[in-house]
Amino acid sequence: MIAAVAVAAGLLVWQSSDVRATTSTTYSGPAPSPALPTTFPPSLGESWRANSPATPEPVTVGPAVVTGDGGDVVGRDPITGEERWRYSRDLPLCTVTSAWSLSIAVYEKKSDLLPAGDPRRAGGCSEVTALDPATGQRGKPAQPDDQRTRPDLGQRNSDAELGTRLLFDGNYVTTTGSRLLTTWRSDLVQTMEYGRVPALQNPDKQPRTDCEYGTVAVDEGRVGVIERCPDEQADRLTVYRATGNDGSDKPEEVSSKIIGTHGSRLIALSDECKIGAEDENSTQQCSVVVVPNPARLLVFDEEGEQVGEHPLSLSPGDLPDEDPPGHAVATYEAPGAIYWFTGSRTIALSKADLRPLWTVENAVGPGTLFANRMLVPVVDGIVVLNPVDGEVRGRIPVDRGGSRELVTMSATGPMVLEQRGDVLVALR
């Protein structure tokens, strides 16, 4: 009787469990990373495409291009687009990105145990899964020299908001949101949370819990955010550490200053900033913010003090009242520069002082590096530039049907990838 009861109870648990609602088809064949081109191609034509509404930008990681649609995360051959592996759940995907040489997928949960008055009571992006890009197996593969006390299962629960973006700074992933930001390390353990925390235990831990967040940016273990607080007359720029001292989960602010204007957007953080450095070989971390009326860039140092200002010429629709989707400005980071898409043009910003270097008009996205050239998508094609000085080296026609929707790009081997709305397109 005891055995029968145990089997029945186990069957009931299994029927309602996440395991039953998860399907994983892994890949065991060869998956080499595609070789880089030896020369720049004279043209680029479409090779394949796939629906991928869950990827705000192309996810190229290791030997795979990863797409996300519905509840399916699919690892594809970069050259052919053929499916190698698939991970599926009966939950809708929130977003997919790459970090720590893994594919990170976040699923939406429709209900939770939060109090009825919490704005996230209806659910959020709480189911986090890490997948090996070569095989599709969950978790990070063990290496021969690993000294593990437990396996890396590659799955956690989180409290990210609906509509979140995942921002990777090289060490940590931070989720964006209007009320809550959370940060994880490579085993998906949470290292920091900032804002209106569910089930808050210590009311003195968070510095400001009634503020709403605009744009978010990350860099080398720090998180920057524009805060809009009800008792303050202008936007606030806050930079805090992605992990607390001695493992504390209390946010450690690097700086937090009111910046004297409304409608600001944090574009990026740079840890290569030489403004105010002690000598020519030292650097500090600076923040660059765009503000309206008139449009200009403001640069702030580690203490939150303004150390630079650069006037801008932008189109009327480049700084709308609403923040960008996912609370993240469209940028691409490369050695020495940050490429910022304003909405009508792409501006290269120097990491050394965050001043504008050069501009591409009629752009539709920030671009990507490919074969030692900078590619910037424009309305009727791709402009090929010298990344140092912005000199135009060529122009490749690409038919996007005249669309001006945002195009984010990436490259792997000989392939150039474009995320056009809900569709990922591979060019070669």
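**Cavity and aromatic rings**

Author: The largest cavity has a volume of about 70 Å³. The model is predicted, so local features need pLDDT of at least 70 and side-chain atom pairs count only at pLDDT 80 or more, while totals for chains, interfaces and linings use all residues. Residues are numbered from 1 along each chain as its sequence is written, and side-chain values use heavy atoms, with hydrogens and water left out.

Reader: What is a cavity, and how many of 30 Å³ or more does the search find?

Author: Rolling a probe the size of a water molecule over the atoms shows where empty space is left. On a 1 Å grid over the protein atoms alone, a cavity is a set of points where a 1.4 Å probe fits but cannot get out. Points are joined across faces, edges and corners, and the volume is the space filled by probe spheres set on them. Searching the whole structure gives 1 cavity of 30 Å³ or more.

Reader: Which residues line the largest cavity?

Author: Lining residues have an atom within 4 Å of a point. Here they are R222, L237, V239, V254, S255, Q285, C286, S287, D301, E302 and G304. Strands are DSSP runs (E, at least two residues), numbered from the N terminus. β17 (236–241), β18 (253–258) and β20 (284–291) each supply at least two lining residues, and β20 gives the most, with 3 residues.

Reader: How many aromatic pairs does the structure hold?

Author: Rings of Phe, Tyr and Trp (its six-membered ring) pair if their centres lie within 6.5 Å; planes under 30 degrees apart count as stacked, over 60 as edge-to-face and the rest as tilted. The structure holds 7 aromatic pairs. The rings of Y194 and Y240 are stacked, because their centres are 4.3 Å apart and their planes lie at 10°. Y194 is in strand β14 (residues 190–195) and Y240 in strand β17, so this pair ties together parts 46 residues apart in sequence.

Reader: Is Y194 buried or exposed?

Author: Buried means under 20% relative accessible area, exposed over 50%, and partly exposed in between (1.4 Å probe, protein chains only). Y194, at 0% relative accessibility, counts as buried, and Y240, also at 0%, counts as buried.

Reader: Why is the pair of Y339 and W358 called tilted?

Author: The ring centres of Y339 and W358 are 5.6 Å apart and their planes are at 50°, so the pair is tilted. Y339 lies in strand β24 (residues 337–341) and W358 in strand β26 (residues 356–361), 19 residues apart. Both Y339 and W358 are buried.

How values were computed: 1 Å grid on protein atoms, 1.4 Å probe; cavity = no way out; pocket = protein on both sides within 12 Å on 5 of 7 lines; lining within 4 Å. Helix = DSSP H or I, 4+ residues; strand = E, 2+ residues; numbered from the N terminus.
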